[in-house]
Amino acid sequence: MNDFLEHRKKRLEEFKKTVRKKEVTYKPIDIPEGLFFKCDQCGAAIYEKTLQLGHYICPFCDFHFRMNATSRVDLIVDEGSFESLYDDIRSLNPLGIQNYEEKVKIGQELSKLNEAFLCGTGKIVGIKVAIGALDSTFMMGSMGSAVGEKVSRLIEYATKHKLPLVIFSASGGARMQEGIYSLMQMAKTSAALLRHDQENLLYISVLTNPTTGGVAASFASLGDIMIAEKSSLIGFAGARVIKQTIRQDLPEGFQTDEFQLNHGQVDMIVHRSDMRKTLYQLLKLHQKDGHDND
Amino acid sequence: MTMINKSAWGIVKLARHPKRITSRTLLDHLVTDFIELKGDRLFKDDQSIIGGIAKFNAMPVTVIAQEKGKDTTDKIKHNFGMPHPEGYRKAIRLMRQAEKFNRPIITIIDTPGAYPGIEAEERGQARAIAQNLFDMMSLTVPIIVIVLSEGGSGGALAIGVGDRILMFENAIYSILSPEGFASILYKDSSKAEEAATIMKLTAKDLQSFKIIDDIILEKDGLHEDPSFGIHNLKKQLTKHLNQLLKQNKKTLLENRYQKFRNIGVYQEEGVKHE
């Protein structure tokens, strides 16, 4: 009996050692900045090129990394078919907020765009669409006057040319630095959508990570078809604000793509690799006779 | 009668003054024969927004108002004027009804914002607000929006799309509360006073931005003696309603569209648009 206990004790110690050892072997490696990205979901380090080639999806756990507007449009439209519109609309600083110009400049450098919304026309497997994408690297894809103007112009362009509209949202909401002007862009973009709607034209809204605040509460929620991309945070109020208000912890999976699907707010969750195909199928089903392949 | 110069923070404090009248009192003085209509027909009745039919200058109108509540019990009943999606859905239901019976719509904004809670998110707060912005743009009857005290963010705008926007002298209307603004921009919510100044949230600011159409002067303030302000509102409301009732539906909708379409300050090809 004693032998048995002794033996068990030994084995336990060995086990502890191996476990500790294992922990030690997971010591973080010194990775040169920008070469590897750490997955938010599984923690794996992924080589930049691998990530890029795999459309910013984690090869280990399928987590979707954020994607900038240019890569997004490239992934969706037929090669060489994209023609951008309203590129030169830029922000001003109507309230004279300190450091706002600098933040815009940083956003321009990071996104390589003049503003947080890239838009134009392109073809999805031959079907011409008006397409736009918010860029979360540009001040969290926030909507100020310039973004609101570009979104509205794109919608009006689609209405005028009787084109279906596809918008990818990725935004923290209205841009604080432009105060009430930003708030009013919610009404402005929704108004433009009404006219598109009245022409019986199709609008597919794709909510990507993250879509919240004033963008979620305006044009992003008004799609005839609502798609949530996998791994997206979607909601109106920020988690921190809700926590402060209700003074309790938020449930697991709150405001995720699955949450929105379960609560009836989106039609489907689509994996990034299937996005182009899904959009094509939907567009195709909405085409009128004789409008095939433009 | 001119406006007394007050600091932005001074106005924030007046807008939130505990003795300032709430929508219900304003309605009692503004309209007659008020019949409250309840419920969104989908989930429940949200008392942070009250609505119904009434008479203004002997004309039937639909009124929609965010109500904060008077005493503690009443405030809890009205959720401090912070609507859930069902509140917005009730509001738009009543507005569509107004369109059917060709009644002008008067909305009264008084909210710190849409309620940030778990259930509100589950029931689609974002969609509810967006739907109202979209639908209000299409209604073929005149819509006059009154900002009574606090107009907080998308939660206010969701009943704020109209042909005229009138704002009380000591009201504020902004993208979020000065506290929220300070905590985001300065990472310090105690800098609300400073934030209030730079946010440009007073009636005067918004008139200079052409976001509101008229300021309703209050004289001693709605917390001291509301009669002056209410009298002024009646005058303004009558004037604007008469103007709008003369417009045909097409003009009304086109003007409403342009009113919001033109808001924004940006530059294009080096040319400033505002």
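This is a predicted model: local features need pLDDT of at least 70, side-chain atom pairs count only at pLDDT 80 or more; totals for chains, interfaces and linings use all residues.
Local features were taken at pLDDT of at least 70 and side-chain atom pairs only at pLDDT 80 or more, while totals for chains, interfaces and linings use all residues. Residues are numbered from 1 along each chain as its sequence is written, with chains lettered from A and ligands numbered from 1 in the order in which they are written.

Chain A splits into domain 1 (1-65) and domain 2 (67-285); the bounds come from an automatic or database domain assignment. The C-alpha centres of the two domains lie 36 Å apart. Their contact (C-beta atoms, placed from the backbone, within 7 Å) takes six residues from domain 1 and eight from domain 2. On the domain 1 side, four residues are nonpolar, two are polar and none is charged. Here Ala, Val, Leu, Ile, Met, Phe, Trp, Tyr, Cys and Pro count as nonpolar, Asp, Glu, Lys and Arg as charged, and the others, Gly among them, as polar.

The contact between the chains takes 47 residues from chain A and 43 residues from chain B. On the chain A side, β4 (89-91), α5 (145-160), α6 (179-198), α7 (213-216) and α8 (239-246) each supply at least two residues. Helices (H or I, at least four residues) and strands (E, at least two) are DSSP runs, numbered from the N terminus. The largest share, 14 residues, comes from α6(A). By class, this side has 27 nonpolar, 16 polar and four charged residues.

Strand pairing (at least two DSSP bridges) also links the chains. Three bridges join β4(A) to β9(B) (residues 266-268), and the two strands run antiparallel. R90(A) stands opposite Q267(B) in β9(B).

Note on methods:
Two residues are in contact if their C-beta atoms, placed from the backbone, lie within 7 Å.
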